[in-house]
Amino acid sequence: MKQFTYAITDPIGIHARPAGMLAQLAKSFADSTVTLTKGDQTVKAPQLMKLMNLGVKAGDEVTIGVEGGDEDAAAAALEQFFKENL
């Protein structure tokens, strides 16, 4: 399992547009399960509504976990996505 922690810098947090993009990216790695954790809540990243219900705001720290056959590529792509979009 690969994981990394990221502090959200987007002033709006994880809102509809980046949440949709994140869900699509997570779905593209069919051999891996991607999760996002804020505090004590963990959701699967491809589940858009659950992702948005976390209420991630600017300054919040989230942990992204990737487990599966293509976890190395998925973790690298997700880390790049967070740096560029959130």
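In what order do the four strands of the open sheet come? They run E1-E4-E2-E3, and the pairing is antiparallel. Strands here are DSSP runs of E with at least two residues, helices are runs of H or I with at least four, and both are numbered from the N terminus.

Before going on, note that this is a predicted model: local features need pLDDT of at least 70, side-chain atom pairs count only at pLDDT 80 or more, and totals for chains, interfaces and linings use all residues. Residues are numbered from 1 along each chain as its sequence is written, and side-chain values use heavy atoms, with hydrogens and water left out.

**The sheet**

Let's walk through the strands. Two strands count as paired if DSSP finds at least two bridges between them. The edges of the sheet are E1 and E3 (41–44), and each of these pairs on one side only. On average, neighbouring strands are turned by 20° against each other, direction ignored. Here are the pairings:

| Strand pair | Sense | Bridges |
|---|---|---|
| E1 and E4 (residues 61–68) | antiparallel | six bridges |
| E2 and E4 | antiparallel | six bridges |
| E2 (residues 32–38) and E3 | antiparallel | four bridges |

Thr-5 has Thr-63 in E4 as its bridge partner, Ser-32 stands opposite Gly-68 in E4, and Leu-36 is partnered by Val-43 in E3.

Thr-35 sits in strand E2. Is Thr-35 buried or exposed? Its relative accessible area is 18%, so Thr-35 is buried. The cut-offs go like this: buried means under 20% relative accessible area, exposed means over 50%, and partly exposed is in between (1.4 Å probe, protein chains only). Leaving out residues up to four places away in sequence, Thr-35 touches Thr-42, Val-43, Lys-44, Ala-45, Thr-63, Ile-64 and Gly-65. A contact, by the way, means heavy atoms within 4.5 Å.

Now look at Ala-7, which is in strand E1 (residues 2–7). Ala-7 has 39% relative accessibility, so it counts as partly exposed. With residues up to four places away in sequence not counted, Ala-7 touches Asp-60, Glu-61 and Leu-86. Its C-alpha atom is separated by 26 Å from that of Asp-31, 24 residues apart along the chain.

**Two helices**

Helix H1 (residues 16–27) and helix H3 (residues 71–85) pack at an angle of about 170°, and their axes are 11 Å apart. That angle is why H1 counts as roughly antiparallel to H3. Axes are lines fitted to C-alpha atoms, for helices over the stretch in contact, and angles run from 0 to 180 degrees between N-to-C directions. Under 35 degrees counts as roughly parallel, over 145 as roughly antiparallel, 65 to 115 as roughly perpendicular, and the rest as oblique.

Which residues meet? Pro-18, Met-21, Leu-22 and Leu-25 in H1 meet Ala-77, Leu-78, Phe-81, Phe-82 and Asn-85 in H3.

**Aromatic rings**

Phe-82 turns up again in an aromatic cluster, together with Phe-4, Tyr-6 and Phe-81. Rings of Phe, Tyr and Trp (its six-membered ring) pair if their centres lie within 6.5 Å; planes under 30 degrees apart are stacked, over 60 edge-to-face, and the rest tilted. By this rule there are three aromatic pairs. In one of them, the rings of Phe-4 and Phe-82 have centres 6.1 Å apart and planes at 80°, so the pair is edge-to-face. This pair links distant parts of the chain, with Phe-4 in strand E1 and Phe-82 in helix H3, 78 residues apart. Phe-4 counts as buried at 10% relative accessibility, and Phe-82 counts as buried at 0%.
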